[in-house]
Amino acid sequence: MRIDRWRGHAIAAAALLMAATLPAAAQDAATIAAQGNGKGAAPCQTCHTPDGGGQASGGFPRLAGENAAYLQAQLDAFASGTRDNPVMKLQASALTEAERKALAIYFSRMPAVATPDAAGTTPFADPEHLGETLATRGRWSKQVPACVQCHGPGGVGVGADFPPLAGQSANYLAAQLKAFRSGSRHNDPMGLMRNISHSLSDRDIDAVAHWFAAQPFPPKESRP
Ligand code: HEC
Ligand code: HEC
């Protein structure tokens, strides 16, 4: 009897200790990322890779080290349809709000990495430095500000509002610019990216996407 009571306390204490070191939400997020949630959401890492770095060829973005509030806003946008993507709509709609939040935090805490071969396996020919010019100076004749004014120097990202573009695959970045331009992605605050993308040609988009994909991420200064 006394031993049973002691064991009961010991188990309760062990459970408390585990809860203190590994919050339930974090456990759930790691499980969903690796195995799915058993309710229609597939394992995130199948496409976004176990280290969260993404895959350039499939257009699967890096999630590792991105801002948690930004990631959560994107999952909500896929679910509500303000960001129209059939693959991610399926995933996001199968997650509860709490799961979306937990996954956003989980991926944001992974060490930041660049997507492997982000700029593609064959060099992109840009002899006139169109990509770099758009990124760092913009095109004022068409009211296109320099991308780095919002996305930070080298496209490293600024806070929750301006996602990093550096080291994100050219495939993915170009797809997003085209999605803003066509309006299938219309979750950007004040239509900022829709306005800018309307003034960009396909060639502009490919050039600027390749330039940002080739920028170092995480930026050199922030490496330990
Ligand atoms: C079958 C492949 C696949 C699976 C599985 C998948 N994703 Fe995605 N994910 C994509 C694709 C493709 C995109 C880009 C969509 C677009 O072009 O708008 C994306 C985009 C995202 C984005 C937006 C990132 C950004 O920078 O804006 C987030 C966040 C995300 N996925 C989270 C998740 C989470 C969390 C899971 C697991 C529950 C998951 N994904 C499972 C393919 C997948
Ligand atoms: C006035 C500020 C501003 C400027 C200038 C700007 N952006 Fe953005 N951009 C944003 C915001 C805000 C978002 C996030 C939208 C959201 O919340 O979904 C964004 C998102 C993006 C995304 C999607 C990233 C992802 O992870 O899905 C791409 C790609 C992008 N911008 C490229 C560019 C390029 C290229 C330029 C320059 C030609 C540029 N941006 C200039 C504000 C700006």
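How are α4 and α6 oriented relative to each other? In this predicted model, the axes of the two helices, α4 and α6, cross at roughly 140 degrees and come within 8 Å. Angles over 145 degrees would count as roughly antiparallel and those from 65 to 115 degrees as roughly perpendicular; α4 and α6 are therefore oblique to each other. The crossing in which α4 passes α6 is right-handed. On the α4 side, the residues that meet α6 are Ala68, Leu71, Gln72, Leu75, Asp76 and Ala79. Their counterparts in α6 are Arg100, Lys101, Ala104, Ile105, Phe107 and Ser108. Sorted by class, the contact of α4 with α6 contains seven nonpolar, two polar and three charged residues.

Helix α4 also packs against α5, with an angle of about 105 degrees and axes 8 Å apart. This angle makes α4 roughly perpendicular to α5. From α4, the residues Leu75, Phe78, Ala79 and Ser80 take part, and from α5 they meet Met88, Lys89, Ala92 and Ser93. The contact of α4 with α5 comprises five nonpolar residues, two polar and one charged. Leu75 and Ala79 of α4 are listed in the contact with α5, and Leu75 and Ala79 are also listed in the contact with α6.

A further helix pair is formed by α9, residues 170–182, and α11, residues 202–213. The axes of α9 and α11 lie 8 Å apart, and the packing angle is about 140 degrees. With this angle, α9 is oblique to α11. The crossing of α9 past α11 is right-handed. In α9, the contact is made by Ala170, Leu173, Ala174, Leu177, Lys178 and Arg181. The α11 side consists of Asp202, Ile205, Asp206, Val208, Ala209, His210, Phe212 and Ala213. In the contact of α9 with α11, nine residues are nonpolar, one is polar and four are charged.

The surroundings of the two ligands were examined next. Ligand 1 is surrounded by 24 residues, of which Cys44, Cys47, His48, Arg83 and Met88 are the closest. The shell around ligand 1 draws at least two residues from each of α3 (44–48), α4, α5 (86–93), α6 (97–108) and α9. Helix α4 provides the largest share of this shell, five residues. By class, the shell around ligand 1 is made up of 17 nonpolar residues, six polar and one charged.

Polar side-chain atoms approach ligand 1 at several points. In His48, a polar side-chain atom is 2.8 Å from a nitrogen atom of ligand 1. The side chain of Arg83 places an N or O atom 2.8 Å from an oxygen atom of ligand 1. For Tyr70, an N or O atom of the side chain is 2.9 Å from an oxygen atom of ligand 1.

Around ligand 2 there are 24 residues, and those that come nearest are Cys147, Cys150, His151, Tyr172 and Met193. At least two residues of the shell around ligand 2 come from each of α4 (68–80), α8 (148–151), α9 and α10 (192–198). Helix α9 contributes the most to the shell around ligand 2, namely five residues. This shell contains 17 nonpolar, four polar and three charged residues.

An N or O atom in the side chain of His151 is 2.8 Å from a nitrogen atom of ligand 2. In Arg185, a side-chain N or O atom lies 2.8 Å from an oxygen atom of ligand 2. Asn187 has a polar side-chain atom 3.2 Å from an oxygen atom of ligand 2.

Two features of the backbone remain to be noted. Phe217 and Pro218 are joined by a cis peptide bond, with omega about 0 degrees. Pro218 belongs to the segment after α11. Gln143, a residue other than glycine, has a positive phi, near 60 degrees. Gln143 is situated in the loop between α7 (130–136) and α8.

Terms used:
Residues are numbered from 1 along each chain as its sequence is written. Chains are lettered from A and ligands numbered from 1 in the order in which they are written. This is a predicted model: local features need pLDDT of at least 70, side-chain atom pairs count only at pLDDT 80 or more; totals for chains, interfaces and linings use all residues. Side-chain values use heavy atoms; hydrogens and water are left out. Axes are lines fitted to C-alpha atoms, for helices over the stretch in contact, and angles run from 0 to 180 degrees between N-to-C directions. Helices (H or I, at least four residues) and strands (E, at least two) are DSSP runs, numbered from the N terminus. Angles under 35 degrees count as roughly parallel, over 145 as roughly antiparallel, 65 to 115 as roughly perpendicular and the rest as oblique. A crossing is left-handed if the near helix is turned anticlockwise from the far one by less than a right angle, and right-handed if clockwise. Contact means heavy atoms within 4.5 Å. Ala, Val, Leu, Ile, Met, Phe, Trp, Tyr, Cys and Pro count as nonpolar, Asp, Glu, Lys and Arg as charged, and the others, Gly among them, as polar. A residue is near a molecule or strand if one of its heavy atoms lies within 4 Å of it. A polar contact is a pair of N or O atoms within 3.5 Å; within protein, one must be able to donate a hydrogen and the other to accept it, and residues adjacent in sequence count only if both atoms are side-chain atoms.
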